[in-house]
Amino acid sequence: MYKLYNVPGWGSMCVHFLLEEMDVPYQNIWMTPEQARAAEFRDISPLGLIPALGLVDGQAVFESAAIIEFLTASHQDKGLAPPVGTPDHGVYLAWLNYMSTNIYPLTNFGYNGGGFTDTPEQAASIRLKAEQLMEARLGLLETKLKSDGPFMAGSSYSALDMYLFMLAIWGMPSEAQVLENFPSIARICAEVRARPKLKAAIEAHGVMLPGSYSYD
Ligand SMILES: N[C@@H](CCC(=O)N[C@@H](CS)C(=O)NCC(=O)O)C(=O)O
């Protein structure tokens with residue numbers, strides 16, 4: 001059985017949602033931030049980052065995009081990604097990695113400058129720049145959704161929509177601003193929040209109400 005290393009409101013959200021949507025057996029391991037930062041967790045996730053997914057043979061997959069791709073490829077019958085090896089799958093991977101490498105890290109810069117500075121003044125200016133970049137990079141997704149939607153993978157709901165939902169929850173300066181600026185992203189968020197299979201997990205992360213996530 002998979003083991004999900006899960007911290008409420010952290011990057012394990014998208015994996016938690018996907019596992020619930022796929023309805024595959026897994027053990028949910030709730031962790032505190034302190035447990036995630038403890039030295040022992042680095043045996044599972046080398047940088048001590050959440051999410052991580054324990055596998056049946058004792059190995060672990062880390063990096064959110066790798067976990068999402070691994071799960072959707074391992075359970076293709078669940079239909080939460082285009083079939084592996086098709087052109088649509090290539091495009092799916094491109095957008096998954098676009099979000100994990102170009103948008104997710106910006107959220108880290110929202111906290112104390114993401115570890116790139118020790119001074120509060122510099123952290124504030126890093127945060128401001130991260131907000132501007134997030135606006136532009138989410139804006140690109142909004143444009144894509146308008147031309148190739150209604151979902152991130154085109155005509156079908158997929159793991160990408162759950163990933164985008166997580167990023168919107170973390171939106172800077174706020175989720176409310178993201179939902180107001182980007183109506184197609186807002187529509188995706190509303191659809192993910194309304195998925196019956198996800199209700200319990202979304203509530204467990206405390207993000208059912210738009211704007212309930214806080215960086216503080
Ligand atoms: N590139 C990683 C980023 C993961 C990441 O930054 N996770 C944050 C939580 S959202 C974390 O574990 N931070 C550790 C900490 O705050 O100590 C991924 O996509 O999985």
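Residues are numbered from 1 along each chain as its sequence is written, and side-chain values use heavy atoms, with hydrogens and water left out. Because the model is predicted, local features need pLDDT of at least 70 and side-chain atom pairs count only at pLDDT 80 or more, while totals for chains, interfaces and linings use all residues.

Helices (H or I, at least four residues) and strands (E, at least two) are DSSP runs, numbered from the N terminus. Strand β1 covers residues 2–6, and four of its five residues are buried, so it is largely enclosed by the rest of the structure. Here, buried means under 20% relative accessible area, exposed means over 50%, and partly exposed lies in between, with a 1.4 Å probe and protein chains only. Two strands are said to pair if DSSP finds at least two bridges between them. By this criterion, β1 pairs with strand β2 (residues 26–30) in the parallel sense over five bridges, and Tyr5 has Ile29 in β2 as its bridge partner. Strand β1 is also joined by three bridges to strand β3 (residues 52–54), this time antiparallel, with Leu4 standing opposite Leu53 in β3. As a general point, side chains in a regular strand alternate between the two faces of the sheet.

Most residues other than glycine have a negative phi, and most peptide bonds are trans. The bond from Ile50 to Pro51, however, is cis, with omega near 10°, and Pro51 sits in the loop between α2 (33–37) and β3. Another cis peptide bond joins Met172 and Pro173, with omega about 5°; Pro173 is in the loop between α6 (159–169) and α7 (175–181). Asp23, although not a glycine, has a positive phi of about 60°. Asp23 lies in the loop between α1 and β2 and is exposed, with a relative accessible area of 56%. Glu63 is also not a glycine, yet has a positive phi of about 75°. Its loop runs between β4 (60–62) and α3 (64–74), and Glu63 is partly exposed, with a relative accessible area of 48%.

Helix α2 holds Arg37, which is exposed with a relative accessible area of 59%. Arg37 and Ile50 are 13 residues apart in sequence, and their C-alpha atoms are 9.6 Å apart in space.

Turning to the aromatic residues, the structure holds seven aromatic pairs. In one of them, the ring centres of Trp95 and Tyr98 are 5.3 Å apart and the planes are at 70°, so the pair is edge-to-face. Rings of Phe, Tyr and Trp (its six-membered ring) pair if their centres lie within 6.5 Å; planes under 30 degrees apart count as stacked, over 60 as edge-to-face and the rest as tilted. Trp95 and Tyr98 are three residues apart in helix α4 (residues 87–109), and are therefore separated by about one helical turn. Both residues are buried. Elsewhere, Arg195 lies over the face of Tyr157, at 3.8 Å from the ring centre. A charge sits over a ring if NZ of Lys or CZ of Arg is within 6 Å of the ring centre and within 35 degrees of the ring normal.

A nonpolar core is a set of buried Ala, Val, Leu, Ile, Met, Phe, Trp, Tyr and Cys residues joined through side-chain atoms within 4.5 Å. The largest such core has 59 residues, of which Leu19, Leu141 and Ile185 touch the most other members. Elements that each supply at least two residues of this core include β1, α1, α4 and α5 (120–148). Helix α6 gives the most to this core, with 10 residues. Apart from this core lies another, of seven residues, including Tyr5, Val7, Ala36 and Ile50.

Helix α6 is mostly covered, with 11 of its 11 residues buried. In α8, the buried residues include Ile185, Ile188 and Val192; the buried residues of α8 pack against α5, α6, α7 and α9, contact meaning heavy atoms within 4.5 Å.
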